[in-house]
Amino acid sequence: MILLKLDHPNICHYEEIFVAWDHEVSAIAVCMVMDYSPVGDLASVIQIKRQMKEKIREMVIKNFLGQMVDGLIYLQSKHIVHRFKDLFSECSNHKETEFEQVVKIIRSNWKHLDYLLGKLHVEKKYTTSLCKLVQLMLEPDPTERISATSLLDVQYVKESLVICGSLLSGIKKTPVGTEHLPFKEGIDKLLEFMLIQVEVEEIQKTSLKYIIYLLYEAE
């Protein structure tokens with residue numbers, strides 16, 4: 001199967017796919033064995049932050065965004081269709097969470113999203129660039145919604161691809177140890193990295209934006 005042949009750093013590798021009989025529901029079940037991720041998944045990060053009532057830093061969001069777009073473009077190159085399956089409407093007995101209630105509100109009236117994004121920008125200090133991108137990606141009309149390939153032309157996504165080290169960023173592979181911007185190693189290390197990569201304009205721009213963002217968060 002084509003899923004077993006996928007080979008991408010931002011896609012969890014499929015080890016085995018087989019069919020088994022599920023005695024509990026008396027039906028055939030398709031079982032997929034995938035690589036184990038010791039650091040967990042994005043859903044766990046979101047859940048923990050939500051429980052602690054903490055926001056996810058925007059640079060972390062950009063890192064995840066870059067990985068997702070990178071992986072999605074790879075899937076499209078393999079002619080694999082990616083679709084979000086709406087489970088909320090299918091689970092009639094499902095007790096709605098606060099998040100699911102928000103999703104329904106947005107779908108009932110598109111103007112509600114503008115209000116929510118405004119609150120994210122003002123109260124959570126997320127940039128307008130991120131909020132505008134969310135609006136483009138959540139457009140309810142499929143004919144108006146931004147495509148994965150069109151995302152590559154968005155400056156915010158370009159910066160995200162640089163942060164996650166994607167080749168789609170257009171930045172040539174650098175020597176071992178310098179593939180990723182050292183955001184987690186402190187400002188001194190980042191400035192040192194900028195001096196080494198002084199000729200790479202995208203690295204300079206992204207690094208400066210990160211420093212400005214840190215100052216913005218500290219206010």
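1. Start with K62, whose charged end sits over the ring of Y156, 4.5 Å from the ring's centre. (A charge counts as sitting over a ring if NZ of Lys or CZ of Arg is within 6 Å of the ring centre and within 35 degrees of the ring normal.) K55 has an arrangement of this kind too: K55 lies over the face of Y126, at 5.0 Å from the ring centre.

2. A word on the model before you go on. This is a predicted model, in which local features need pLDDT of at least 70 and side-chain atom pairs count only at pLDDT 80 or more, while totals for chains, interfaces and linings use all residues. Residues are numbered from 1 along each chain as its sequence is written, and side-chain values use heavy atoms, with hydrogens and water left out.

3. How many salt bridges does the structure hold? There are 2, a salt bridge being a side-chain nitrogen of Lys or Arg within 4 Å of a carboxyl oxygen of Asp or Glu. In one of them, E159 meets K62 at 2.6 Å, N to O. This pair links distant parts of the chain, as E159 is in helix α7 and K62 in helix α2 (residues 58-77), 97 residues apart. Helices (H or I, at least four residues) and strands (E, at least two) are DSSP runs, numbered from the N terminus.

4. Are E159 and K62 buried or exposed? Both are buried. Buried means under 20% relative accessible area, exposed over 50%, and partly exposed in between (1.4 Å probe, protein chains only).

5. E54 and K49 form a salt bridge as well, with the closest N and O atoms 3.2 Å apart. E54 is partly exposed, at 38% relative accessible area, and K49 is partly exposed at 25%.

6. Now look at S160, which is found in helix α7 (residues 155-164). S160 counts as buried because its relative accessibility is 0%. Leaving out residues up to four places away in sequence, S160 touches K62, L65 and G66; contact means heavy atoms within 4.5 Å.

7. For a contrast, find G170 in the loop between α7 and α8 (187-196). G170 is exposed, with a relative accessible area of 62%. The C-alpha atoms of G170 and K158 are separated by 9.0 Å, and these residues are 12 apart along the chain.
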